[in-house]
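Me: I would like to go through one part of this model by question and answer. Please show the sequence and structure before we start.

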Amino acid sequence: GPGPVALLGPAPGAPSCPHGPALLFAKTSQGKEEGRRFYACSACRDRKDCNFFQWEDEKVSETRLAAREEYNRNHQPPFTHKQNVDRYKNFVLLPLSKRRFCQECQQLLLPAEWEKHSDHQFLCDITTAQLKSPSQLLYPLENKKTNAQYLFADRSCQFLLNLLIDLGFRRVLSVGTPRLHEMIQSKASQEEEFSIRSLLLDIDFRYSQFYTEDEFCHYNMFNHHFFGGEAARETCRKFLYEENGERVIMVTDPPFGGLVEALASSFKKLMAMWKETEKEGHDNNEMPMFWIFPYFFESRILDFFPSFSMVDYQVDYDNHALYKHGKTGRRQSPVRIFTNLTPSMIVLPEEEGYRFCAVCERYVSSGNEHCEICNSCTSKDGRRWKHCVLCKKCVKPSWFHCNNCNCCTLQKHSCEKTDVGCFVCGKAGHKRSACPSVS
């Protein structure tokens with residue numbers, strides 16, 4: 001039933017749904033300790049997308065277990081990755097007139113399969129250029145909590161790639177960033193001197209139609225599950241181990257509706273995989289990382305990765321109505337890069353209005369003016385923020401200090417100051433929506 005829920009994380013021996021091992025959650029209620037525990041799908045937060053549910057202490061019958069295994073098998077892709085690689089090899093040998101792509105099944109078709117898809121919509125004459133840009137051939141999956149394939153605009157993708165080149169990285173672990181991966185793959189095939197390689201980890205199995213097992217792993221970033229088992233895990237491990245673990249970076253662009261705790265847990269496991277390399281000195285280091293996420297998740301990300309800082313660069317997307325660069329005020333893209341690299345190393349394009357603040361030792365947006373009182377460039381959203389003496393910090397320009405709430409907030413708000421405190425944990429100082437106990 002509805003109600004506040006806390007994520008407890010991956011659990012040994014957890015049951016599985018089609019998206020891999022389920023995560024353990026607990027119901028919470030005001031003033032009470034954690035309630036009854038249950039397992040639910042790691043990737044889908046909406047039961048309409050995956051209705052898996054099981055109480056932790058529930059006894060599941062053998063019949064139900066067998067039915068669940070059968071269900072999971074039936075909800076796997078029609079071809080294995082190896083079969084898709086073989087199909088691709090046959091597909092590229094076909095003359096252009098016989099290269100078809102079924103839009104309904106999102107599948108490359110071989111001539112023997114045409115009749116089976118005869119009543120479907122399909123694209124004809126699939127060119128080599130289209131095959132090298134699968135993110136433009138495939139329909140984006142736009143469930144914001146599960147897949148959320150909002151694809152980088154060319155401007156942001158090119159900026160990221162140029163930045164990686166300037167920073168001297170040779171390998172990119174692309175976790176949920178198919179467009180960056182395909183840009184790297186495309187350049188590598190066209191330019192002999194281009195030396196960067198990429199491995200794509202993504203929950204969208206459709207990409208296995210276009211990439212070999214050394215270029216793509218079917219992966220769920222919410223539970224660190226490799227669908228290809230130990231072989232796929234070993235592919236990832238080998239990729240991280242090359243050059244003794246040097247000059248590799250993880251770039252990830254998760255669904256913004258995803259659980260930050262679950263994502264952080266998986267990213268730490270990928271970092272731990274990198275740390276296992278024999279390179280001396282890894283003990284005190286983290287694998288370099290770009291986590292692309294909205295700025296309002298900053299405190300949550302820093303909870304899990306205290307070494308991270310936020311870069312002012314606005315990441316924008318081709319197929320998102322709001323997350324576009326160049327809009328003004330609140331309509332600017334809220335998406336930023338969080339990284340454990342030294343901020344001064346991240347050079348932002350001056351032609352887009354970014355400038356270097358010598359005091360903060362980092363590039364900031366044109367509207368992000370240095371506050372002498374905070375001794376920092378404090379804006380998070382690209383607008384010029386103002387300092388509140390009573391709050392002792394800078395706040396958004398549209399906020400005003402409310403004496404009832406004793407903090408800055410929007411002018412039109414309902415004062416909800418109460419002695420009861422948070423509905424979930426009972427503590428004062430925050431509302432239920434901002435409770436750290438709630439996932």
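Reply: Two strands pair if DSSP finds at least two bridges between them. Strands (E, at least two residues) are DSSP runs, numbered from the N terminus. This is a predicted model, in which local features need pLDDT of at least 70, side-chain atom pairs count only at pLDDT 80 or more, and totals for chains, interfaces and linings use all residues. Residues are numbered from 1 along each chain as its sequence is written, and side-chain values use heavy atoms, with hydrogens and water left out.

Me: Which residue stands opposite F216 in strand 12?
Reply: Strand 11 (residues 197-202) and strand 12 run parallel and are joined by three bridges. The residue opposite F216 is L200.

Me: Which residue in strand 13 stands opposite N220?
Reply: Strand 12 and strand 13 (residues 225-226) run antiparallel, with two bridges between them. Four residues lie between the strands of this hairpin, where H224 takes a positive phi near 55°. Opposite N220 stands H225.

Me: Is strand 12 largely enclosed or exposed?
Reply: Buried means under 20% relative accessible area, exposed over 50%, partly exposed in between (1.4 Å probe, protein chains only). F216, H218 and N220 point one way and C217 and Y219 the other, and all are buried. Because five of the five residues of strand 12 (residues 216-220) are buried, the strand is largely enclosed.

Me: What is the relative accessible area of H19?
Reply: H19 lies in the loop between strand 2 (16-17) and strand 3 (20-21). H19 is buried, at 18%.
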